[in-house]
Structure formats: structure tokens, C-alpha cells
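Subject: Structure for your files

Hello,

Here is the structure I said I would pass on. My notes on it follow below.

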There are 2 protein chains.
Amino acid sequence: MNDALLIVEDLKNLGLTEYEAKAYLSLLEEYPVNGYTLSKTSGIPRSRIYEVLDSLKNKQLVFEQMEDTMSVYKPLDPKLLIGKFKKSFDSIFYHIEEYSKKVYLKEENDHKLIVIQGRDKIIDFLNLLIHDAKRRIVLSIWEEEINDISQALNDAIQRGVVLRGMYFGRNNPYEQLVTHRRIERHLSEKKERYMTVTVDGIHVLYGIISRGEDSQITWAKDPDFVDMSEDYVVHDLMVNLYANQLDIKQREEYEKFLDHVRKEYFAFTEEEFKKFK
Amino acid sequence: MNDALLIVEDLKNLGLTEYEAKAYLSLLEEYPVNGYTLSKTSGIPRSRIYEVLDSLKNKQLVFEQMEDTMSVYKPLDPKLLIGKFKKSFDSIFYHIEEYSKKVYLKEENDHKLIVIQGRDKIIDFLNLLIHDAKRRIVLSIWEEEINDISQALNDAIQRGVVLRGMYFGRNNPYEQLVTHRRIERHLSEKKERYMTVTVDGIHVLYGIISRGEDSQITWAKDPDFVDMSEDYVVHDLMVNLYANQLDIKQREEYEKFLDHVRKEYFAFTEEEFKKFK
DNA sequence: AAGTAGTAACTACTACAGTAACTACTCCCT
DNA sequence: AGGGAGTAGTTACTGTAGTAGTTACTACTT
């Protein structure tokens, strides 16, 4: 079973050794068994199995039962194992949170830019920010990237985060996004894709993304920069949504539309809105 | 700061090395800084600091910023760090849960007894079970132990779990528990304390608990055994609650009282109740 | 004799902690 | 102008603990 190998890795990430993970998983499938048998089913050398079981017993992930002459072992119910780790991690997280409140000072105005390289890391970081989003996500994104963040986006939408922006691709998966009107031309032309994502008016990620290591985006927390980036997407939206009307109306009408987009569609707060007036 | 040392341990439990933990924590307190400065504030040898920072950069817990000739580093916001680990652990837990559904078969009727030794491990395991309780916790417990499980008990009560039983001690902290009527005599006599705890009619822990390693309790999942243990506490409750009346009423009345206690006070389901008739 | 059950002692490898020594640059002092 | 002190970064090494993996042994059962 290849499946079991992945779970071994998972358990190692929880702090078990490879032997401990294998022993526990083998025990799940067959119990109660004695050390000798477990060594056979798990592939752990007989000479080591008792140390491994001892260590698991100590962590209360395995229990020993005396049966006349010999001991047999059984695993902790996996649900209880998960509960055990959850409890322990929750307390760790709480400690870290309390501690960081004391020593960590957020920079209010951070004008520095940070470069993140490599598609995997970019996607990872993007997911992290979206996961943490509380109010609004504005993006301008291509179909090649949308799948890699759709889970996090759906979660965000679920908990009431406003999603807005431009979608470059066919079969737009989000009604909240507007497909670019000249998408066919773009799709045939580009190998590299410009991307912008802003989160809660705090973070902005922008840059060029492609398949591999050469992808490179910039992360900024400068509020002006975020505003600018959101503005860029607002404009893009504007043009794409009202392109037809723009040809026949005057400049004033155009401005009204812009305000309308910002307020109604983009869910700007009054305060945010004032900054643009 | 001794506080920081504990957090280093916490971070190590999340999979960081000691140097990584120290570096990250030092960065929290002062950033952005270059490698040289960080090595000084964190106590990490200058010769190692760049490897450590590289590794942290790879995990995206630290970000590098080019500043004309040299690099400076800043930490990932601790809140995002917590979110990152939570996400990763949640997915691990999900994997384990799914996997265990496939391979793990719960024993329906488990008549075997398992011995747990050492006060710390007993308390730990007790907390684990209480944490997982869904319907009813019945216990007979001494004041020496109640504090070590009160957090878990309060959580359980909060989510609607029924708590019932006997309390051996002064200043009974739970209205759901009944203080033993001859507690003063008991308190002066005993060094070792008999304890019973049943959870959801599934688990029962019983045995002698004292201060140290010689404490030893037995864990059973045999349903009959659980019933018996609950019955023991019911009787104890009965005697303590209605002691006065017992002297003047007949046997019939006594039985009625017992039923009443089981049904009304103990929240037995009809099904559970039938087993006793 | 073959299989079962458990112990002891070891080798090998790796990750991490910890140290020493080197280059190179800047700034300040006299 | 030259030297010392502090800053900044790099290379290479030692030591150790934990883990993986192996071999050899005893003892008991059937």
C-alpha cells in the first residue's frame, strides 16, 4: 500500500520516528499482537521492536496488555490520537500567540518590498494570505493559477470575505470575477502571466508567474501601494464592465461609474472611499 | 527571559531546530536585521546563521530583503505562522482520519484490561478521554485530582456533556457532584485515593492514585464493566443523597428512589434503563 | 529441527550543535 | 599613513545524539 507510506510521512511530521509510525500503523490493521508478530507485519527488525513499542507506550499511543506469559499491544484509537495531538498543538499555538503579543511589534508602515521566488512558494504564500483574509480579496489572475488557490478562495467566500477582480481565461469559475473582454487574444499570446492579489487592503502580491523556479513576485505591505494595486484592478474592471457605455457618455458619467464600482461592487468602506475623492 | 526558552521548546515541537527557533524568536523582537546582528542577539554562532536563515527562508518563516549591499531579514507575522502550521496539521489529521477509517476496526466488545502507571500518565489519559466525551461523565474523585482535570471537565460541561458523581473533599467545585457525607473522616484517614471515572458508557478508569510513579489504574472498555462502575457510583450517590429517608421508608420506596436517580439525575436513556430492570 | 519470543551489542548514517580560522571592509584614532 | 576594533560573511572542521539497520545470542515450544 502506497497510501500507508504517505501516512508514515504524516506521522513523522507529528514528531514520531519512522519505526514508531510504521509500528503504530501496523497495529491499527491488526491488534492485539505481540512484539514478534508486529515486527513481521511492520517490517521493523525484531531486535528493535521493543524499544519502539516502549517509546510508543510512553507517549500513550500504544498500550501493553499482559496475557499470561507474554505481552500483547494495541493502538490508541486514531480519533483519540488526533485529539491528543490537537490538544497539544493548540496549547503550543496559544503560547506562541501570547508570547508574540508581548514581543512582536508589527510595522505599521512597511515600505519595503520582499521578493518571493519559485512557483510553489508563491502559491503557498498566496494560500496562506487568503486563508487569513478577513474582508476583501482583490485579484487579477489567470486560469493557470486559479485552481491552485480555489480551495482557499472558496473557504474565504464561505466565511464572508468579498472577492473581486479580473479573470484571464475561459470558463470563469467565480461569478465574483469579471472575465477579460479580449481574453482570446491574450490567451494565444502569453506564456508568462502577470498577477496581482491584494488581501484586506494590507497585503499586495504582484509579479510575473510562469511554470517554474523563475517565477518571481513581490510582496508589499505599503498601504499606498495596496491602494494603487486595487485601483489598477478597479480600472480594469471598470473598463471591462462598462466598455460599451463609455463610448457614448461624457467624462462626468465616467467618474460616476468609477465611484459606483468602488462603492457598490467593490464594497469600499466610506473611509476608504474618501481617500480617492 | 525564561519565557522565550519555553517557546523555543514549543517551536521545536512544531518541527523547527533549536537554532531555527531561536533565530525566529530573536527576529520577532527586532527586525529587520542582517545576519551578523541576528547572530549576536540570538546567540547563534555567526558561522551558522546563514544556513539557519536559509532554512527558515525555505519554510517561508523568514523573508530576505536586499538593501543595497547587504541582506536584511524579517519574520513572518506570528499569526500567519500559526495559520500555516494549523493548515498543515489539519491536512495531516484529515489524512490520518481517512486512512484509519479504511484500516482500523474498533473492537466492539473489549473484555481486556489495560494498566496505566504513573500519576502524570494517568492524568494525561484521563484528560484525553474527557476531552473526547460526548454524553456523560460519571466519576468518583478526590480533591487532589479534580484540579488536574477541571479544565477538560469545564470544556465538556460547556458543550453539554452531563457530569455526575461523588466528590471526596472540601469545597466541592461542581454543583453536579455530591460531596461524600463522611468526608471529614475519610480525609483524615487516607493517603491513597480510590478513583473511578466512566466516559459515555464506553470507557472506565478505576484504581488507586497517589502522588507518584506507584499510582496505577485500570482502563476497561467492557460495557458490562462500565455499567457496573456507573452502578457503583449510582449507589454511592443514592446513599449520600437520600440517607435520611432510607431509615424510615420501605424497600419498595428505596427501589423507586434508585430508579429516580438513574432516570432523572443520571440522565439514563430508556434503553440503558431497561438493562437494569 | 524449526519456529517463536526476546535481548544485547554493534555499525553506519545523518542532523544538529558547537568551534576555529579565514577574508574583507569600514571607521576611528594618533 | 598605519593600526586596531568592530562589522560582515564564508569555509571547514569536531563532537554528539538519535535513528536506522544488522548480527549474534539465549531460551522456550511444538
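In strand 9 of chain B, I217(B) is the bridge partner of I116(B). Strands here are DSSP runs of E with at least two residues, helices are runs of H or I with at least four residues, and both are numbered from the N terminus.

This is a predicted model, in which local features need pLDDT of at least 70 and side-chain atom pairs count only at pLDDT 80 or more, while totals for chains, interfaces and linings use all residues. Residues are numbered from 1 along each chain as its sequence is written, chains are lettered from A and ligands numbered from 1 in the order in which they are written, and side-chain values use heavy atoms, with hydrogens and water left out.

Strand 3 of chain B and strand 9 (residues 216-220) of chain B run antiparallel and are joined by five bridges; two strands pair if DSSP finds at least two bridges between them. Both belong to an open sheet of seven strands in chain B, with mixed pairing and the order 3-9-8-7-4-5-6. Strand 3 (113-117) and strand 6 (177-179) of chain B each have a single partner strand, so one side of each has no neighbour in the sheet. From one strand to the next, the twist averages 15°.

Helix 6 (residues 119-132) of chain B lies across strands 3, 4, 7, 8 and 9 of chain B, at about 155° to strand 8 of chain B. Contact means heavy atoms within 4.5 Å; angles run from 0 to 180 degrees between N-to-C directions of axes, which are lines fitted to C-alpha atoms, for helices over the stretch in contact. Helix 7 (residues 143-158) of chain B also packs on the sheet, and its direction makes about 160° with that of strand 4 of chain B.

Regards
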